[in-house]
Amino acid sequence: MLKHRNIVILFICGIITLVFLNRTYTIHWSLYLFLFLVFLIIEFYGAYFIHSNFHIKAICKVKTKDKVVALSFDDGPVLQTEKVLKVLDEFNVKATFFCIGNRIKGNEEILKKISAKGHLIGNHSYSHGYFIDLKNTTSFVNELELANKIIHETIGKTPTFFRPPYGVTTPALARATKKLNMDVIGWNIRSLDTSIKNPQKVLERIKERLQPGSIVLMHDTVIGIEIVLKELLTYLKDQNYTVIALDQLLEKKAYV
């Protein structure tokens with residue numbers, strides 16, 4: 001199985017084998033380099049693609065024949081979130097918002113509104129910094145605890161769902177989420193709404209990947225995402241899909 005621990009063991013065994021063989025045969029240095037590059041490529045794949053479960057067991061979809069899906073929004077709360085909430089209200093569906101702790105300051109009323117409307121709030125770290133993946137276990141624990149603290153102070157609930165910033169996982173993050181007993185939530189449909197500028201292309205990308213039990217990733221920070229959302233919800237209704245909350249899809253508690 002493709003796991004970080006197994007890959008490290010195989011890499012070390014490979015190096016030891018080459019060193020041993022070098023006592024009898026001449027092993028060219030490029031073979032060591034090749035082995036190291038293969039190791040790095042696998043490590044990059046495992047860290048970047050959350051569905052690989054390389055470092056952490058992440059829930060990216062649910063096996064079911066029922067035509068149900070869950071919608072999730074990352075990186076809020078921001079003013080744009082209000083437009084997303086309005087569309088969700090129109091279709092009477094519930095979503096999950098993975099919020100960044102330091103964005104809650106000044107946007108407390110939006111967070112309260114998300115919760116009051118029956119949507120779920122998850123932890124998306126406190127800082128969502130560019131170099132967050134370089135943090136050690138203690139720093140990750142502080143990140144997650146700080147975000148949970150401000151969420152609890154605002155809505156009186158402590159999330160158990162956590163989504164890694166950028167979807168990148170590391171051994172330190174794995175240890176932190178295990179220590180805090182948090183469920184790591186990924187996705188099987190990444191809308192790429194932060195990079196694809198054409199709303200119709202974003203919508204088509206989601207529709208092409210749609211299947212029962214899907215978890216859709218979007219961002220409530222993207223200007224115009226409410227347009228995509230409205231068309232997506234219309235399409236899901238036409239296709240007889242039901243949008244359900246993430247805790248219902250996963251059959252797990254969203255809060256402690």
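Are F11 and F39 buried or exposed? F11 is buried, and F39 is buried as well. The legends below describe close-up views of a predicted model.

**View 1. The aromatic pair F11 and F39.** The model contains 6 aromatic pairs. In one of them, the rings of F11 and F39 are stacked, at 4.4 Å centre to centre and with 25° between the planes. This pair links distant parts of the chain, since F11 belongs to helix α1 and F39 to helix α2 (residues 29-48), 28 residues apart. Both F11 and F39 are buried.

**View 2. The aromatic pair Y45 and F49.** The rings of Y45 and F49 form a tilted pair, 5.0 Å centre to centre, with an angle of 35° between the planes. Y45 has a relative accessible area of 35%, so this residue is partly exposed. Y45 and F49 belong to one aromatic cluster together with F44 and Y48.

**View 3. The nonpolar surface patch around the aromatic cluster.** L2, F44, Y45, Y48 and F49 make a nonpolar surface patch of about 460 Å². Among these residues, F44, Y45, Y48 and F49 form one aromatic cluster. L2 lies in the segment before helix α1 (4-21). The relative accessibility of L2 is 36%, so L2 counts as partly exposed.

View 4. The side chains of S214, V216 and M218 point one way from β8. Those of I215, L217 and H219 point the other way, and the residues on both sides are buried.

**View 5. Strand β8 and its partners β2 and β7.** Strand β2 (residues 68-74) runs parallel to β8, and 6 bridges join the two. Within this pairing, L71 stands opposite V216 in β8. Strand β7 (residues 189-190) is also parallel to β8 and is joined to it by 2 bridges. Here R190 stands opposite L217 of β8. Between β7 and β8 the chain passes through helix α8 (residues 199-209), giving a right-handed β-α-β crossover. V216, opposite L71, and L217, opposite R190, point opposite ways from β8 and are both buried.

Notes: Residues numbered from 1 in each chain as written. Predicted model: local features only at pLDDT ≥ 70, side-chain atom pairs only at ≥ 80, totals over all residues. Heavy atoms only, no water. Buried < 20%, exposed > 50% of the residue type's maximum accessible area, 1.4 Å probe, protein only. Helix = DSSP H or I, 4+ residues; strand = E, 2+ residues; numbered from the N terminus. Pairing = 2+ DSSP bridges. Right-handed = clockwise from strand over helix to strand, strands pointing away. Patch = residues over 30% accessible without salt bridge, like charges linked within 9 Å, V, L, I, M, F, W, Y side chains within 5 Å. Areas by Shrake-Rupley, 256 points an atom, 1.4 Å probe, with all protein chains shown as cover. Salt bridge = Lys/Arg side-chain N within 4 Å of Asp/Glu carboxyl O. Phe/Tyr/Trp six-rings, centres within 6.5 Å; stacked < 30°, edge-to-face > 60°.
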